[in-house]
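Here are some notes for a colleague who is opening this structure for the first time. They are meant to be read with the model in view.

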Amino acid sequence: MRAGSERLDELEPLWRALYEHHAEVGGQVSPVRGYPETWRRRRATYEGWLSAGEAVLLLAQRDGRALGYAMVRPGDGPATWDLGERGVTIETLSVLPSERGEGVGHALIEAAVEYAREVGAELLDVGLVHTNDGARRFYEREGFGLFYLEMVRKLF
């Protein structure tokens, strides 16, 4: 289901699950911020996107309880690559650890695809830490393929 900023507080345990997973799979890539700071930042970002109409919150729930979510943002297609004029980016996808492997992630991807089609997008993309092998396998099963590699250089 689609939800608005009134449901943001329900995402906190889902963000924590993703944060802990990132700390585990990406710790050798970069240290993570402290949890309170990362949730404060992410929640504020989500609130800004939603209030500006720049994103859609897709919420998977059972009996009113949030099991997973995807935050998706539409935008223009790439300038260089002929992948379509419109695209949708999955900014975040998180599923409670107890619900992983139960189809929640797949349902969120399907909801993102449906939304992307509604806004005329020809491309759905997602980024992940290169050490997150489980997420890579999941997205490959969902039809995503490796395309772009982003590299970073710390300046301090």
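1. Two strands count as paired if DSSP finds at least two bridges between them. The model is a predicted one, and the notes on strands below rest on that rule for pairing. In β5, Leu 123 is the bridge partner of Gly 87. The strands β4 and β5 run parallel where they pair, over 4 bridges.

2. The sheet as a whole is open and has 5 strands, in the order β1-β2-β3-β4-β5, with mixed pairing. Which strands stand at the edges? They are β1 (2–3) and β5 (123–126); each has a single partner strand, so one side of each is left without a neighbour in the sheet. Strands of a sheet pair through backbone hydrogen bonds, and the sense can be parallel or antiparallel.

3. Strand β4 is mostly covered, with 7 of its 10 residues buried.

4. Next, the aromatic rings. A pair of aromatic rings is described by the distance of the centres and the angle of the planes. How many aromatic pairs are there? Counting rings of Phe, Tyr and Trp whose centres lie within 6.5 Å, the count comes to 7 aromatic pairs. One of them joins Tyr 46 and Tyr 69: the ring centres are 5.8 Å apart and the planes stand at 80 degrees, so the pair is edge-to-face. The pair links distant parts of the chain, since Tyr 46 is in helix α2 (residues 35–51) and Tyr 69 in strand β3, 23 residues apart.

5. Are Tyr 46 and Tyr 69 buried or exposed? Tyr 46 is buried, because its relative accessible area is 0%. Tyr 69 is buried as well, also with a relative accessible area of 0%. Another pair is made by Phe 138 and Tyr 139, with ring centres 5.0 Å apart and planes at 65 degrees, so this pair is edge-to-face too. Both Phe 138 and Tyr 139 are buried. Ring pairs also link Tyr 46, Trp 49 and Tyr 69 into a cluster.

6. A ring can also face a charge. The charged end of Arg 16 sits over the ring of Tyr 35, at 3.7 Å from the ring centre.

7. On the surface, Trp 81, Leu 83, Phe 147 and Tyr 148 form a nonpolar patch, with about 460 Å² of accessible area together. Leu 83 belongs to the loop between β3 (65–76) and β4 (86–95). Why does Leu 83 count as partly exposed? The reason is its relative accessibility of 30%, because partly exposed covers the range between buried, under 20%, and exposed, over 50%.

8. The last point concerns Arg 136, which lies in helix α4 (residues 133–141). Arg 136 is partly exposed, with a relative accessible area of 37%. The C-alpha atoms of Arg 136 and Leu 146 are separated by 8.8 Å, and these residues are 10 residues apart along the chain.

Technical notes
Residues numbered from 1 in each chain as written. Predicted model: local features only at pLDDT ≥ 70, side-chain atom pairs only at ≥ 80, totals over all residues. Heavy atoms only, no water. Patch = residues over 30% accessible without salt bridge, like charges linked within 9 Å, V, L, I, M, F, W, Y side chains within 5 Å. Areas by Shrake-Rupley, 256 points an atom, 1.4 Å probe, with all protein chains shown as cover. Salt bridge = Lys/Arg side-chain N within 4 Å of Asp/Glu carboxyl O. Helix = DSSP H or I, 4+ residues; strand = E, 2+ residues; numbered from the N terminus. Buried < 20%, exposed > 50% of the residue type's maximum accessible area, 1.4 Å probe, protein only. Phe/Tyr/Trp six-rings, centres within 6.5 Å; stacked < 30°, edge-to-face > 60°. Lys NZ or Arg CZ within 6 Å of the ring centre and 35° of its normal.
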